[in-house]
Amino acid sequence: MTDTGSQRASDAASCTKEPLAVRVGAELAGSFIVFFAIYSFTTFGTALFGINMAFIALATGIAYAAVTLVFSKVSGGQLNPAITLAAILTGKTKVLDGILYIIAQVLGGIAAGALIVRILPTTETLTAKIWLTDAVNGFGNGSVSASTLSSVSASFDITLAVVVEIIASIVVIAAAVATMNKETTAVSHAAAIGFAYGLGAAMTYPVTGAGMNPARSTGIALFARNAGLSQNPLQQLWVFWICPILAAAIVAMVMIGAQLLRDNANAKQQLADDTAAQQNAADTDALALSGDEAETAAEPADQAGQEASAVSEHDADAQIEQ
């Protein structure tokens with residue numbers, strides 16, 4: 001197995017210490033908690049105190065970071081079908097695990113949406129529309145800024161919605177997948193996730209209500225469809241699935257391409273190192289051979305010198321005797 005394959009297998013196994021049922025349950029519970037938190041502060045908070053962008057961004061980031069930190073050691077705390085898809089494409093999550101994670105995440109969103117709508121206090125004057133307008137994801141008439149923009153005959157159209165959702169989703173998914181490994185601590189991973197979601201919320205909330213997560217968008221849309229909103233959120237829900245999925249594909253493609261380039265560079269470096277080692281070995285053998293040949297050539301010369309010396313000594317002895 002290549003280094004890339006070994007790394008991917010290691011990454012895929014890094015979050016499989018717990019049984020699959022436990023990990024799927026963690027994704028369900030984590031999704032429910034984080035989505036309920038988001039639905040809460042975008043209904044209670046915005047309806048009573050108005051929209052505060054700093055609060056929305058900070059609260060979104062903290063919600064995702066806190067829940068990710070709690071569940072990251074169990075299932076990885078992915079909590080987003082787009083992140084799970086990117087993890088599958090890059091080999092960090094097994095296909096079956098990822099499919100079950102996505103189902104659990106969507107079910108967590110549905111449960112959170114059902115609960116928040118069920119507990120919202122409504123009267124003839126305090127309708128569900130007032131509570132849910134700032135919690136659903138939409139564009140145009142479904143945007144949280146629709147009422148403000150209508151006064152100047154403007155709106156956030158689908159093009160703008162798609163652009164900001166894709167870019168924000170890329171930020172979130174890249175931060176999640178890049179820190180989804182054994183070398184990154186749970187705290188660092190959660191912090192990266194929280195920062196990315198906070199930044200994404202600041203970018204997208206005025207336009208689309210900060211989707212970035214198909215499960216989050218689905219959970220509230222299902223129970224806000226008959227709330228008398230200006231736009232049925234289910235009719236625009238497809239955008240909040242397509243954009244994160246496209247972002248996941250883009251992130252996965254870039255990461256796989258970068259890994260292939262690194263592998264190619266490493267292979268070239270390894271080949272160069274092997275070639276250099278072979279050349280050094282050949283040079284060493286050549287030096288050793290040259291030394292052996294010199295010794296072999298020196299032996300006859302030494303022998304001839306010894307014979308000549310012996311003859312000279314014999315002649316000298318003969319002359320002395322005469």
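This is a predicted model: local features need pLDDT of at least 70, side-chain atom pairs count only at pLDDT 80 or more; totals for chains, interfaces and linings use all residues.
I started with the largest nonpolar core, which has 48 residues, with Leu 132 and Ile 173 having the most contacts inside it. For my own record, a nonpolar core is a set of buried Ala, Val, Leu, Ile, Met, Phe, Trp, Tyr and Cys residues joined through side-chain atoms within 4.5 Å. I take buried as under 20% relative accessible area, exposed as over 50% and partly exposed as in between (1.4 Å probe, protein chains only).

Residues are numbered from 1 along each chain as its sequence is written, and side-chain values use heavy atoms, leaving out hydrogens and water.

Next I looked up the neighbours of Leu 132. Setting aside residues up to four places away in sequence, Leu 132 touches Thr 43, Val 117, Leu 120, Ile 220, Phe 223, Ala 224, Ala 227 and Leu 229 (contact means heavy atoms within 4.5 Å). I also found a second, separate core of 10 residues, including Leu 149, Phe 156, Ala 161 and Val 164.

Then I checked the whole chain. I read off 12 helices and 0 strands (DSSP runs numbered from the N terminus: helices are H or I with at least four residues, strands E with at least two). Buried residues are 41% of the 322 in the protein chain.

Last, I turned to helix 5 (residues 95-119). Leu 107 sits in helix 5, and I list Leu 107 as partly exposed because its relative accessibility is 47%.
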